[in-house]
Amino acid sequence: MSDNNLYDAVDWQVLTLNSEADTQALAEQLASLPLRGSVWLSGDLGAGKTTLTRYWLQALGHKGAVKSPTYTLVEPYQIEQDDGSMKSVYHADLYRLQDPEELSFIGFDEYLDEPNALVIIEWASRADSYLPPPVLFIDMTETDNGLRRIELRLSKIGQAQHLNLSTIKI
Ligand code: ADP
Ligand code: MG
């Protein structure tokens with residue numbers, strides 16, 4: 001635990017993903033949580049952040065392709081829900097962010113302010129002091145034998161939303 005409030009999460013889980021099928025299973029369970037606000041995905045290049053997000057968007061009901069937002073910084077999705085309403089999901093990758101001011105140029109603040117939207121952010125560390133604290137932190141590490149170690153940590157905001165990570169099982 002760090003002194004930083006952001007990281008002072010009481011609810012956390014460590015999982016091992018043996019295959020992409022496990023990553024898909026995790027994505028499906030994440031999609032079933034009533035998440036709103038932002039989720040920060042951290043981990044080295046190739047750890048599986050975009051792959052997890054792709055399965056997550058599909059589990060939320062997105063039908064088409066999921067492009068990596070490496071160059072566009074953010075890709076917006078409007079996903080039709082069973083009740084006919086639309087759910088906004090934004091997938092951001094800030095790896096190539098030069099200056100956090102670029103976030104206001106692309107209207108990122110409005111995405112973050114949108115009620116009930118889910119904003120999944122790879123490389124949030126590029127702009128962490130400019131971003132509101134996330135609901136959930138997901139850290140992915142590729143192990144020496146090619147598996148993925150996943151650490152999920154709920155922030156205080158996530159706890160205030162009464163999210164519960166203990167239901168996630170792989
Ligand atoms: P990142 O976005 O973290 O840079 P990517 O998702 O783009 O990483 O790439 C991860 C790569 O690792 C992909 O080629 C994917 O097929 C592969 N991979 C192998 N096993 C897994 C796994 N369990 N979860 C996610 N990706 C995996
Ligand atoms: Mg990526």
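**Burial, strand pairing and ligand sites in a predicted model**

Student: Does leucine 73 count as buried or exposed?
Tutor: The model is predicted, and its relative accessible areas are computed from that model. A residue is called buried when its relative accessible area is under 20%. Leucine 73 has 6% relative accessibility, so it counts as buried.

Student: In which loop is leucine 73 found, and what is its phi?
Tutor: Leucine 73 is found in the loop between H2 and E3. Most residues other than glycine have a negative phi. Leucine 73 is not a glycine, yet its phi is positive, at about 70°.

Student: Where is asparagine 116 found, and is this residue buried or exposed?
Tutor: Asparagine 116 is a residue other than glycine with a positive phi, near 70°. The residue is found in the loop between helix H4 (108-113) and E5. Exposed means over 50% relative accessible area. With a relative accessible area of 52%, asparagine 116 is therefore exposed.

Student: Which residues have the most contacts inside the largest nonpolar core?
Tutor: The largest nonpolar core has 32 residues. Strands E1 (12-17), E2 (37-42), E3 (74-80), E5 (118-122), E6 (136-142) and E7 (148-154) each give two or more residues to this core, as do helices H1 (20-31) and H2 (49-59). Another core, of 18 residues, lies apart from it and has Leu94, Leu97, Ile121 and Phe137 among its members. In the largest core, the residues with the most contacts are Leu26, Leu30, Leu35, Trp56, Leu136, Ile138 and Leu152.

Student: With which residues is leucine 30 in contact, leaving aside its neighbours within four places in sequence?
Tutor: Leucine 30 is among the residues with the most contacts inside the largest nonpolar core. In soluble globular proteins, nonpolar side chains tend to be buried together. Leaving aside neighbours within four places in sequence, leucine 30 is in contact with Leu35, Leu52, Trp56, Leu136, Ile138 and Ile168.

Student: Against which elements do the buried residues of H2 pack?
Tutor: The buried residues in H2 include Lys49, Thr50, Leu52, Thr53, Tyr55, Trp56 and Leu57. After H2 comes glycine 61, with a positive phi near 115°. The buried residues of H2 pack against H1, E2, E3, E4, E5 and E6.

Student: Which residues coordinate the magnesium ion (ligand 2)?
Tutor: The coordinating atoms are OG1 of one residue and OE of the other, at 2.1 to 2.2 Å. One residue lies in helix H2 and the other in strand E5, so the pair ties together parts that are 72 residues apart in sequence. Threonine 50 is buried, with a relative accessible area of 16%, and glutamate 122 is buried as well, at 2%. The magnesium ion is coordinated by Thr50 and Glu122.

Student: How far from an oxygen atom of ligand 1 is a polar side-chain atom of lysine 49?
Tutor: Ligand 1 is surrounded by 13 residues, and Glu20, Thr23, Gly46, Lys49 and Thr51 are the closest. A backbone N or O atom of alanine 47 is 3.3 Å from an oxygen atom of this ligand. For a polar side-chain atom of threonine 50, the distance to a ligand oxygen is 2.8 Å. For a polar side-chain atom of lysine 49, the distance is 2.7 Å.

Student: Why is strand E4 described as largely enclosed by the rest of the structure?
Tutor: E4 pairs with E3 in the antiparallel sense over seven bridges. E4 also pairs with E5, in the parallel sense, over five bridges, and the partner of aspartate 93 in E5 is glutamate 122. Strand E4 (residues 86-93) is largely enclosed because the number of its eight residues that are buried is seven.

Student: What is the bridge partner of glutamate 80 in E4?
Tutor: Glutamate 80 is in strand E3 and counts as exposed because its relative accessibility is 55%. E3 and E4 form a hairpin with five residues between them, and glycine 84 in the turn has a positive phi of about 90°. Leaving aside neighbours within four places in sequence, glutamate 80 is in contact with Ser85 and Met86. Its bridge partner in E4 is methionine 86.

Student: With which side chain does the side chain of arginine 153 make a polar contact?
Tutor: Arginine 153 is found in strand E7. The residue is buried, with a relative accessible area of 19%. At 3.5 Å, the side chain of arginine 153 makes a polar contact with that of glutamate 151.

How values were computed: Residues are numbered from 1 along each chain as its sequence is written. Chains are lettered from A and ligands numbered from 1 in the order in which they are written. This is a predicted model: local features need pLDDT of at least 70, side-chain atom pairs count only at pLDDT 80 or more; totals for chains, interfaces and linings use all residues. Side-chain values use heavy atoms; hydrogens and water are left out. A nonpolar core is a set of buried Ala, Val, Leu, Ile, Met, Phe, Trp, Tyr and Cys residues joined through side-chain atoms within 4.5 Å. Buried means under 20% relative accessible area, exposed over 50%, partly exposed in between (1.4 Å probe, protein chains only). Helices (H or I, at least four residues) and strands (E, at least two) are DSSP runs, numbered from the N terminus. Contact means heavy atoms within 4.5 Å. Donors are N, O and S atoms within 2.8 Å of the metal (3.2 Å for Na, K and Ca); water is not among the atoms, so sites may look incomplete. Two strands pair if DSSP finds at least two bridges between them. A residue is near a molecule or strand if one of its heavy atoms lies within 4 Å of it. A polar contact is a pair of N or O atoms within 3.5 Å; within protein, one must be able to donate a hydrogen and the other to accept it, and residues adjacent in sequence count only if both atoms are side-chain atoms.
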